[in-house]
Amino acid sequence: MSWGIAIVALVAAGLALLDLLRLRTGRAVPDVALGWLAGTGWLAAVAPPVRFALGIPLGRVTLAVLLVAPIAVWTAVAASRRRRGAPPSPPRSGGEGRDEGVRGKGEHAVPRWLPRPLWLFAPMAGYVLVVTVAVLLHGSNMPTQTDDGVRIRAFAPILAYGDAWEPAARAVFAQAGPLVTFVPAVAWIVTGTVDHFHVNYAILTELVALLALVVGLASARGAPERGWVGAFAVLSVPLFVYHCTSTYSDAVLAMRVAGGVLLALEYARTRDRSDLARALLLVGIAALVKREGELVAAAPAGVLLAQIAWERWRERRAVPWASVALLLAPGLLAAVGKIAALGLAGAFPMLGFVAQQAAVAAGTGGGAARPVGMEAQTAALFVDQALFRSGNQGMLWWILAGVLAVRGRAILRGALAWPLLAVAGLLAEVAVNSIFIIPQFTLDQGTVNRALLVAGVPAALWVGAALVEAVRAEAAAGAPADAARASPGKLRGRRRASGGTR
């Protein structure tokens, strides 16, 4: 019950924020999913500067103000529009595709929720539903201790609940990240009771939100096949499904990045600036998960910014600075709080760790240079094993390689090229980190498989989109051939049956 209160409050704040930004899709299911993602991102972005920069304890009153603020502003703006007699502002757009399911234009004129043919997609939809229910049941009953039985993964939210921010506790906050720290503590602060299972519930809610966004957005735009294939592909990654039932944050980071890549795929298809803005917003919020969040989010963010620059140069259009601000705002707000809490050096521990490891490898860190040659080669073998010879990632990377081998030329010339670069950037980032920056955790098999989730989950979404596009291309290529083979008598019969004339 208390977690339900947290969900309602965060979704309401997120929906108000999306409406103010004109980023609502106009359909209930994807909007509620985006509301959760935006509402939790809002709290994670504003809580650190309020608590650490302004020094205001995050009690019930402060939390209520933070969650009600977007709703109050939205209410005031809506009332002002009504007084002026102005119509409600439509969702921001500017591409040719736009939100076809909302506007009744293009190939998705009518929203459609059942995939076709049903005999083919019903097993996929059934698999998605069964696995989701199983994950929810299993994850809601998993304890919150780590596998070594010592540390409690709810530690950072407990610190937020108790407002116990001694220097050592602030280091825990920097490692966990604002989103993982504050979101599970919402219901604890409201009710005054700590329930460790809220950490599990937060991850499970992330999963439901991602799946609802994947399936709901495609279905609302009249292409449920794309949504069910994407959800099926995501839930076919065994290690991801497992970590949705654990309380590690790797699955949360993977889902946040995957949400941004999903909207990047939508933007590549629709050319709607609303989808671009949504993608940038979700990628910016992904930077608030774990200490690795800033570096992980940098890969898809860099690709999106490069895509914007290329398109604006080619089309001689202005840069959409408002959309770019949606990428930067969450990280900048959280950075203000982290710097106030830990100072400039301690606010970004991952950057400091990377610099330290580089100095050790170069022999400038106060000791002898580390012999990285053999160590890096061995780590590379373990990364290769995690990608292609381990069941943790399933057959994902083999299927991705097969899709590129068969459809490479069409993909590079089509709409999927930029999102593929985002997936490639994430994979390269994980590989460099696992082989050169922190090879010791790869050699002892401590993190390499979990680290690959931030590339694997977006890759699964991309593979699903590529397969659906390939099937559509084959069907479109076969249609003219079928028409050409039809006899003149059959064609005349079709014209009479449809009431057509010559």
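**Close-up 1. Helix α23 in the lining of the second largest pocket of the predicted model.** In this predicted model, α23 supplies the largest share of the lining of the second largest pocket, a contribution of eight residues. The volume of the second largest pocket is about 510 Å³. Among the elements that give two or more residues to the lining of the second largest pocket, α23 spans 453–485, and it is joined in that list by α5 (118–139), α11 (224–234) and α19 (396–413).

**Close-up 2. Residues around the centre of the second largest pocket.** The second largest pocket is lined by 25 residues, and those closest to its centre are Phe 121, Met 124, Val 229, Leu 467 and Val 468. By residue class, the lining of the second largest pocket comprises 17 nonpolar, four polar and four charged residues.

**Close-up 3. Elements that line the largest pocket.** The largest pocket has a volume of about 1200 Å³. Two or more residues of its lining come from each of α6 (155–162), α7 (167–176), α13 (250–270), α15 (293–315), α17 (349–362), α20 (417–437), α21 (439–443) and α22 (448–451). Of the elements that line the largest pocket, α20 gives the most, with six residues.

**Close-up 4. Residues around the centre of the largest pocket.** The lining of the largest pocket consists of 38 residues, and Gln 175, Lys 290, Arg 291, Glu 292 and Arg 450 are those that lie nearest the centre of this pocket. When the lining residues of the largest pocket are divided by class, 20 are nonpolar, nine are polar and nine are charged.

Methods
Residues numbered from 1 in each chain as written. Predicted model: local features only at pLDDT ≥ 70, side-chain atom pairs only at ≥ 80, totals over all residues. Heavy atoms only, no water. 1 Å grid on protein atoms, 1.4 Å probe; cavity = no way out; pocket = protein on both sides within 12 Å on 5 of 7 lines; lining within 4 Å. Points joined across faces, edges and corners; volume = space filled by probe spheres on them. Helix = DSSP H or I, 4+ residues; strand = E, 2+ residues; numbered from the N terminus. Nonpolar A, V, L, I, M, F, W, Y, C, P; charged D, E, K, R; others polar.
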